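Work through the exercises below with the sequence and the model open. Each task is followed by a stepwise solution.

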Amino acid sequence: MQSHKVMRQMPERSGRAGRRHGEAGPDTASDETRGTLHEHPDAGSAKQLVGTGGLLEAALTRQNLQTAWKRVKANKGAAGVDGLDIEQTARLLQTSWPDICQALLAGSYRPSPVRKVMIPKPDGSQRELGIPTVIDRLIQQALLQVLQPLIDPTFSEHSHGFRPGRRAHDAVKAARAYVQSGKRVVVDVDLAKFFDRVNQDILIDRLKRRIDDAGVTRLIRAYLNAGIMDGGVVVDRHMGTPQGGPLSPLLANVLLDEVDKALEGRSYCFARYADDCNVYVGSIKAGERVMCYLRKLYTGLKLQINEAKSAVASAFGRKFLGYELWMAKGKEVKCAVAYKALDNFKARIRQLTRRSGGRSMTQVVEKLRPYLLGWKAYFEMAQTPKVWRELDKWLRHRFRAIQLKQWKRPRTIYRELKALGAKEDVALQVAGNSRRWWRNSDRLLKTVLTIAYFDGLGVPRLS
């Protein structure tokens, strides 16, 4: 019902969906829309048009749209306010795309509001996301593919977030190198609700300094002003850039690059990933001067520092992108998983392996495996073997408790353990303590449900 109201109020929005579908090259959806997706009449290749200043026309070429559609489809994601998923949007595009394209080129296109979604954070708070419609995600992705090659090379080398060929590990490595060189004090700056407080006028002004295309800036302004649907009501937005759209990270870098360049001008050692910025200096006094300078810079952008989470402190033990630094023998600076990240890991594991879930052990492992592999890959730089071994031990302990809970009755526990080759006295003793799930799963049960047993189930090892 909500999506119907939005479509009635803004009829052009729903048509955007068609465009996304038209970008899927070899997919069936792409074939279906091939006859209805029309390019701008002067559009050749996107690369040629970019050179002539026709950025919007370049974004609307068939080749660029097909690439954008593939990315949108690969990212999957939920439906926006129109309630249309990717396949439904693809079918809609077959008839609506020509009108959408014409509206985009004429500057009359009006994006749909984003759908408000609150994502729980490990600390109990929530992060607000704005989910655009599939059509709008397609258009934003098409714009991103044209704008990023032009804008990204102008960014600071100290910026690592959401940029091609860069990742969080690069920022952590830079931080470690600064501390290893003797910069043992960090100016850790946390921006208060950055994406919610972005000043749109300042952002558009900084964007215009980088690209000279009124059609593109007008369209991006329309996206910023599209509003957010919360509980069926569209709320206007005159501040912020919603997280959840393909363009948001690029726009954030456009705004924050001004701070990067100011820090570079004073030859400071720093690393930034999105709105997380750490500056490394040699003393507390120098750090306090930098903090004052940063307050001035962010105030000029109408951004606010979260004083409770920001600090001038020792670089050791201070969390940065989930990592923290420590000093090993020989004064070598190494990386470790931050304590908060470890707590979040265990909390997530508990959530994914609830013992009352009613699932088989194989199903529990299948659900857990992607998270474990992703977490291990992200924290591969951690140089703390003992921590990895302890996590593996804790994880297997939890799996054993889950298995006992699933077997539940002493007779079932005895029968299953015997089937796994347990000795008579072991099976009897474990079955006799059947209700002490956690304590019982860390003793004799380890001789039956061994490391090899969990390897056979496909449980990844962290160590």
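How do the residues of the lining of the second largest pocket divide into nonpolar, polar and charged?

The structure is a predicted model, in which local features need pLDDT of at least 70, side-chain atom pairs count only at pLDDT 80 or more, and totals for chains, interfaces and linings use all residues. Residues are numbered from 1 along each chain as its sequence is written, and side-chain values use heavy atoms, with hydrogens and water left out.

**Exercise 1: the pocket**

Step 1. A pocket is an open set of points on a 1 Å grid over the protein atoms alone, with protein on both sides within 12 Å along at least five of seven lines; lining residues have an atom within 4 Å of a point. The lining here consists of Glu324, Ala336, Val337, Tyr339, Leu342, Lys346, Thr384, Val387, Glu390, Leu391 and Trp394.

Step 2. Two or more lining residues come from each of β10 (333-337), α15 (339-352) and α17 (385-407). The largest share, 4 residues, belongs to α17. Helices (H or I, at least four residues) and strands (E, at least two) are DSSP runs, numbered from the N terminus.

Step 3. Ala, Val, Leu, Ile, Met, Phe, Trp, Tyr, Cys and Pro count as nonpolar, Asp, Glu, Lys and Arg as charged, and the others, Gly among them, as polar. The division is therefore 7 nonpolar, 1 polar and 3 charged.

Step 4. The volume of this pocket is about 210 Å³, taken as the space filled by probe spheres set on the points, with grid points joined across faces, edges and corners.

**Exercise 2: the largest cavity**

Find which element gives the most to the lining of the largest cavity.

Step 1. A cavity is a set of grid points where a 1.4 Å probe fits but cannot get out. The whole structure holds 4 cavities of 30 Å³ or more, and the largest cavity has a volume of about 150 Å³.

Step 2. Its lining has 19 residues, with Val114, Gln140, Tyr223, Pro242 and Ser248 nearest the centre. Elements that supply two or more of the lining residues are α8 (134-151), α12 (214-224) and α13.

Step 3. The most comes from α12, with 3 residues. By class, the lining has 10 nonpolar, 8 polar and 1 charged residues.

**Exercise 3: a helix pair**

Classify the packing of helix α11 (residues 200-208) and α13 by angle.

Step 1. The two helices pack at about 85°, and their axes are 9 Å apart. Axes are lines fitted to C-alpha atoms, for helices over the stretch in contact, and angles run from 0 to 180 degrees between N-to-C directions.

Step 2. Roughly perpendicular covers 65 to 115 degrees, so α11 is roughly perpendicular to α13.

Step 3. Contact (heavy atoms within 4.5 Å) is made by Ile202, Leu203, Arg206 and Leu207 of α11 with Leu251, Val254, Leu255 and Glu258 of α13. These residues divide into 6 nonpolar, no polar and 2 charged.

Definitions and conventions. Angles under 35 degrees count as roughly parallel, over 145 as roughly antiparallel, 65 to 115 as roughly perpendicular and the rest as oblique.
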